[in-house]
Amino acid sequence: MTFVRRCKHSGCHNLVSGNSPFCNEHTADLSAYEYRIAKQRSHIKRHQQEYNATARAANDERKQRDGFYHSREWKHIRLSVLERDNYVCQYCYRFGIVRPANTVDHIVPGQVAPELIRDTSNLAVICRGCHSRKTDWEHKFYHTGYKNNNQKIQKDILLKDISELPNFSK
């Protein structure tokens, strides 16, 4: 089966099939396009390396926590939670919205309660939109996140049930 898409040249509406991003009329643009893509990939790779060095490996606790998410144990736990929740965002589902999702979230963040990191009752499936809004909320409520290094993490109030949390499913 051959896939068809529009030519990558700005303003061109010709259809292209196969591996070339350009129609026959604009094949001369291919080298400039490939150069631009390589430059973008290089920029992304450099940014990712800097982020990993400054944020993910900022201290031993973060290094260890990040390493856990690449372990076989986490992959097994994650899959069991996805299957338990039927790949449906639980934050949306509590308001009657059925939204597919494939991210597993800690209800109480691992940075706040490391002892709950493996506890499946502290895990729920979450969609991208809810995850983004919940992460922003956690930064304000618990003072978590890589940018809140100077603030003390709030551990005295732990909201352990989804029903206690705000509505992130907007």
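**Entry 1. Domains**

I began with the overall layout and noted that the C-alpha centres of domain 1 and domain 2 lie 35 Å apart. The model I am reading is a predicted one. Its protein chain is divided into domain 1, covering 4-54, and domain 2, covering 60-164.

I then looked up the record. UniProt, in an unreviewed entry, lists residues 76-132 as "domain: HNH nuclease". I checked the make-up of that stretch: residues 76-132 are 32% helix and 14% strand. The end C-alpha atoms of the stretch are 24 Å apart.

**Entry 2. Nonpolar cores**

I asked which residues touch the most other members of the largest nonpolar core. They are Cys-89, Tyr-91, Cys-130 and Leu-165, in a core of 28 residues. I traced the elements that give two or more residues to this core and found helix H3 (72-84), helix H4 (90-93), strand S4 (123-126) and helix H5 (128-141). Apart from this core lies another, of six residues, and I noted Cys-7, Val-16, Cys-23 and Tyr-33 among them. As a general matter, nonpolar side chains in soluble globular proteins tend to be buried together.

**Entry 3. His-106**

I located His-106 in strand S3, which spans residues 103-106. Is His-106 buried or exposed? His-106 has a relative accessible area of 7%, and therefore counts as buried, the cut-off being under 20%. Its side chain makes a polar contact with the side chain of Tyr-69, at 3.5 Å.

I listed the contacts of His-106 beyond its neighbours within four places in sequence. They are Tyr-69, Trp-74, Leu-116, Ile-117, Asn-122, Leu-123, Lys-134 and Glu-138.

**Entry 4. Gln-90**

I placed Gln-90 in helix H4. Gln-90 has a relative accessibility of 19%; the limit for buried is under 20%, so Gln-90 counts as buried. The side chain of Gln-90 reaches the backbone oxygen of Asp-85 at 3.5 Å. Leaving aside neighbours within four places in sequence, I found Gln-90 in contact with Asp-85, Ala-124, Val-125 and Ile-162.

**Entry 5. The faces of helix H2**

I next examined helix H2, residues 60-68, and recorded Arg-62, Arg-65 and Phe-68 as its buried residues. Viewed down the axis of H2, these buried residues fall within an arc of 120°, so they line one face of the helix. In general, an α-helix has 3.6 residues a turn, so residues three or four places apart point the same way. I found the exposed residues Asp-60 and Gln-64 on the face of H2 turned away from its buried side.

Asp-60 has a relative accessible area of 60%, and the limit for exposed is over 50%; Asp-60 is therefore exposed. I also took a distance from this residue: Asp-60 and Lys-134 are 74 residues apart along the chain, and their C-alpha atoms are separated by 25 Å.

**Entry 6. Positive phi angles**

Most residues other than glycine have a negative phi.

Asn-86 is not a glycine, yet has a positive phi of about 60°. I found Asn-86 in the loop between H3 and H4. Asn-86 counts as exposed because its relative accessibility is 58%.

His-143 likewise is not a glycine and has a positive phi of about 65°. I located His-143 in the segment after H5. At 24% relative accessibility, His-143 counts as partly exposed.

**Entry 7. Pairs separated in sequence**

I turned to Lys-170, which lies in the segment after H5. Lys-170 counts as exposed, with 74% relative accessibility. How far apart in space are Lys-170 and Cys-130? I read 7.9 Å from C-alpha to C-alpha, for two residues that are 40 apart in sequence. Cys-130 is one of the residues that touch the most other members of the largest nonpolar core.

Leu-79 has 40% relative accessibility and counts as partly exposed. Leu-79 and Lys-140 are 61 residues apart along the chain, and I read a C-alpha separation of 29 Å for them.

Notes:
Residues numbered from 1 in each chain as written. Predicted model: local features only at pLDDT ≥ 70, side-chain atom pairs only at ≥ 80, totals over all residues. Heavy atoms only, no water. Helix = DSSP H or I, 4+ residues; strand = E, 2+ residues; numbered from the N terminus. Buried < 20%, exposed > 50% of the residue type's maximum accessible area, 1.4 Å probe, protein only. Polar contact = N/O pair within 3.5 Å; in protein donor to acceptor, adjacent residues only side chain to side chain. Contact = heavy atoms within 4.5 Å. UniProt positions renumbered as here; feature names shortened; annotations may be inferred. Core = buried A, V, L, I, M, F, W, Y, C linked by side-chain atoms within 4.5 Å. Domains from an automatic or database assignment. Arc of directions from axis to C-beta.
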